[in-house]
Amino acid sequence: NSEFLKKELQQKYHCKEQLFKVLHKGIENELIKFKREDTLQKKIPGSILFVKTDFALGGLYTLVESLKDIDREVSLTIIGPALQHHEMLKGILEKAHISYELFDYMPPEKIYEKMQESEIFCVPSKREAFGVANIEAMAMGCKIVSTHIGGIPEAVGGDCFAWLVVPDNPIALRKALTEAFGTSIENKMNEIGKYLYRFSSTKVVSQFREILEEC
């Protein structure tokens with residue numbers, strides 16, 4: 001589902017490049033057409049959204065560490081960790097004096113509502129083949145702060161539309177979050193919409209047909 005994964009598989013199995021085709025994960029056309037300018041008015045200043053079931057792989061500990069000494073008021077919403085981990089995570093978050101909400105499963109439409117409210121979407125993953133949640137959050141008008149690994153740069157358009165840092169580095173992540181909070185993306189909304197079109201469900205289905213025809 002990414003050029004990154006394609007290269008990984010080519011190297012691992014020593015296969016010819018022609019045997020692999022890339023088919024990005026897509027997002028619904030309605031998200032592409034979503035009025036991001038209107039959503040900016042709904043944003044809660046200082047709000048950060050983290051969505052990942054495997055929260056350790058998603059870099060949640062690094063995110064919490066980066067927020068300990070950040071020079072502003074923030075609120076963190078975490079969606080995904082199983083209930084069995086909640087008490088442990090609550091202890092870490094309260095010790096770090098971070099204002100938070102913690103959820104396990106949440107249906108996609110509810111996650112989109114959280115994305116509409118959140119100023120920043122941050123899942124500083126240690127490993128990610130693509131990261132479709134990042135482009136969903138982009139469609140919802142979120143500023144994206146993540147890591148420069150795997151298929152994430154490919155998904156978010158590199159540094160043009162996101163703040164990307166190395167994983168497991170809370171100092172670099174804190175700096176990126178601070179810069180993102182201090183930056184307006186309003187003048188990039190149209191450009192972001194055009195970029196996201198490549199991941200629309202219509203375009204992905206069309207690409208899938210082309211792959212089948214080639215085979």
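**Reading a parallel sheet and its helices**

Student: Which strands does α5 lie across, and at what angle does it run to β3?

Tutor: α5 lies across β2 and β3, and runs at about 170° to β3. Keep in mind that this is a predicted model.

Student: What kind of unit do β2, α5 and β3 make?

Tutor: A right-handed β-α-β unit, with α5 spanning residues 86–95. Now look at the two strands themselves. β2 (residues 75–79) and β3 (residues 99–103) run parallel and are joined by five bridges.

Student: Now the whole sheet. In what order do the six strands stand?

Tutor: Read across the sheet: β3-β2-β1-β4-β5-β6. The sheet is open, and the pairing is parallel. β3 and β6 (162–165) are the edge strands. Each has a single partner strand, so one side of each lacks a neighbour in the sheet. From one strand to the next, the twist averages 20°.

Student: How many bridges pair β4 with β5?

Tutor: Three, in the parallel sense. Phe121 stands opposite Ile144 in β5. On to the next pairing: β5 and β6 are linked by four bridges, again in the parallel sense. There, Val145 stands opposite Trp163 in β6.

Student: How do I read the two faces of β5, and which residues lie on each side?

Tutor: Start with the general idea. In a regular strand, side chains alternate between the two faces of the sheet. In β5, Lys143, Val145 and Thr147 are on one side, with Ile144 and Ser146 on the other. Both faces are covered. Five of the five residues in β5 are buried.

Student: At what angle do α7 and α10 pack?

Tutor: First, the general idea. A packed helix pair is described by the angle between the axes and the distance between them. For α7 (residues 132–139) and α10, the angle is about 140° and the axes are 10 Å apart. The two helices are therefore oblique to each other. Their crossing is left-handed.

Student: Which residues of α7 and α10 meet?

Tutor: Ile135, Met138 and Ala139 come from α7. They meet Ile192, Tyr195 and Leu196 in α10.

Student: Now for a whole helix. How many residues of α4 are buried?

Tutor: Six of the eight residues in α4 (residues 60–67), so the helix is largely enclosed by the rest of the structure. The buried ones are Leu60, Thr62, Leu63, Val64, Ser66 and Leu67.

Student: What covers the buried residues of α4?

Tutor: The cover includes strands β1 (44–51), β2 and β4. Helices α5 and α9 (170–181) are also among the covering elements.

Conventions:
Residues are numbered from 1 along each chain as its sequence is written. This is a predicted model: local features need pLDDT of at least 70, side-chain atom pairs count only at pLDDT 80 or more; totals for chains, interfaces and linings use all residues. Side-chain values use heavy atoms; hydrogens and water are left out. Two strands pair if DSSP finds at least two bridges between them. A crossover is right-handed if, with the strands pointing away from the viewer, the path from the first strand over the helix to the second runs clockwise. Axes are lines fitted to C-alpha atoms, for helices over the stretch in contact, and angles run from 0 to 180 degrees between N-to-C directions. Angles under 35 degrees count as roughly parallel, over 145 as roughly antiparallel, 65 to 115 as roughly perpendicular and the rest as oblique. A crossing is left-handed if the near helix is turned anticlockwise from the far one by less than a right angle, and right-handed if clockwise. Contact means heavy atoms within 4.5 Å. Buried means under 20% relative accessible area, exposed over 50%, partly exposed in between (1.4 Å probe, protein chains only).
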